[in-house]
Amino acid sequence: KEIGAAVARELVEYAKKDKSDMKWSGERPTGPDKLKGDVFVYPAAGQWATWAIQSADDYLPPPPHDIDSVEMQKELNELKNIERNVPVSIAGWLNHSTERAYRWWYDKLATAVFESGAEMDSPSAALAYATVAAANHDAIIACFNAKYTYWMIRPAQLDNTVPTLFPNPPHPSYPAAHSCSPTSFAVAIGHFFPAHSESLLKAAHVAGYSRIIAGIHYPNDKRAGEQIGTDVTLDVISFAEKLGSL
């Protein structure tokens, strides 16, 4: 109890200076390819303090497809041609929940730690938990930094014939956070527990594809999110391994 309270006090002090309360002072870009709507959240997230990576800019993906390009037309057609039957729609709704976005992954980590039994001592388990959490945190920052670099319009805003299961989240489309975040969890947990890697990567793929099913992301958003989630997590793992060897 005393250790937990002491660590919590230090983290609270750190959080007071992590820039998550900073006011955004940028200028919103306009144009036919930019996010529509008066509400947009976390525009300054790319400047929040990270745990391991040096700069979110290091993970900036290439620009999204031009809205007048052949690639974009293919992506819009793919979204329109999805058969959104009941099982498919359930997958879209299931991955829309906060439970599935975060707790589900930590439950998988807890299960893997439990199954490891005596093979994993307490410091190693603590390092695994810390690495997974730090990787997800830093990956989300890199993802939102990219979102507000490009301000990409959502599919149904670009083409109102694209069907959606629920309203667009109030932030830019590219890249997809629902690909970035699950991928970071899957790669980090899979690093410590390789036997779980394949199933977790499949779950991350489903989570990312659920946003395509929902009609709120382009396929290219998913691919870019997966790349950010992977690249950031591998660097966080490298950082954590150095800590673990001290």
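Is Asn220 buried or exposed?

Analyst: This is a predicted model, in which local features need pLDDT of at least 70 and side-chain atom pairs count only at pLDDT 80 or more, while totals for chains, interfaces and linings use all residues. Residues are numbered from 1 along each chain as its sequence is written, and side-chain values use heavy atoms, with hydrogens and water left out.

Asn220 has a relative accessible area of 13% and is therefore buried (buried means under 20% relative accessible area, exposed over 50%, and partly exposed in between, with a 1.4 Å probe and protein chains only). Asn220 belongs to helix α9, residues 219-244; helices (H or I, at least four residues) are DSSP runs, numbered from the N terminus. Setting aside residues up to four places away in sequence, Asn220 touches Pro64, His65, Glu75 and Tyr174, where contact means heavy atoms within 4.5 Å.

The axes of α2 (residues 70-80) and α9 lie 9 Å apart, at an angle of about 105 degrees; axes are lines fitted to C-alpha atoms, for helices over the stretch in contact, and angles run from 0 to 180 degrees between N-to-C directions. α2 is therefore roughly perpendicular to α9, a term for angles of 65 to 115 degrees.

Definitions and conventions: Helices (H or I, at least four residues) and strands (E, at least two) are DSSP runs, numbered from the N terminus. Angles under 35 degrees count as roughly parallel, over 145 as roughly antiparallel, 65 to 115 as roughly perpendicular and the rest as oblique.
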